[in-house]
Amino acid sequence: MSIRVRARFSNGVLMPLEPLDLEEGREYVITIEYEPVPDRGAEGQPEEPAP
């Protein structure tokens, strides 16, 4: 079984951004996949790609 969960790494801890329905005390194997965030312009909007 596998699930996909977004998480944030802060102060040495990986925190899920949504509740997880996991069994307490059980060990899990985690695969980490990085999704780059688009660059933000001055107004916080993604920059338009160059022509």
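I32 counts as exposed, because its relative accessibility is 69%, where exposed means over 50% relative accessible area, buried under 20% and partly exposed in between (1.4 Å probe, protein chains only). The model is a predicted one, in which local features need pLDDT of at least 70 and side-chain atom pairs count only at pLDDT 80 or more, while totals for chains, interfaces and linings use all residues. Residues are numbered from 1 along each chain as its sequence is written, and side-chain values use heavy atoms, with hydrogens and water left out.

I32 is placed in the segment after β2 (13-16); strands here are DSSP runs (E, at least two residues) and helices likewise (H or I, at least four), numbered from the N terminus. Although I32 and A7 are 25 residues apart along the chain, their C-alpha atoms are separated by 9.6 Å. I32 also belongs to a nonpolar surface patch of about 1,100 Å², made together with M1, I3, F9, L14, L20, L22, Y28 and I30. Such patches consist of residues with over 30% relative accessible area and no salt bridge, in which nonpolar side chains (Val, Leu, Ile, Met, Phe, Trp, Tyr) are joined within 5 Å and like charges within 9 Å; the accessible areas come from the Shrake-Rupley method with a 1.4 Å probe, and for residues only the protein chains shown count as cover.

The charged side chains are considered next. The structure holds 4 salt bridges, a salt bridge being a side-chain nitrogen of Lys or Arg within 4 Å of a carboxyl oxygen of Asp or Glu. Among them are the following.

| Salt bridge | N to O distance |
|---|---|
| E33 and R4 | 3.6 Å |
| E35 and R4 | 2.3 Å |
| R6 and E35 | 3.0 Å |

Since E33 lies in the segment after β2 and R4 in the segment before β1 (7-10), their pair ties together parts that are 29 residues apart in sequence. E35 likewise lies in the segment after β2, so its pairing with R4, in the segment before β1, ties together parts 31 residues apart in sequence. R6 lies in the segment before β1, so its pair with E35 in the segment after β2 ties together parts 29 residues apart in sequence. Through shared partners, salt bridges join R4, R6, E33 and E35 into one network.
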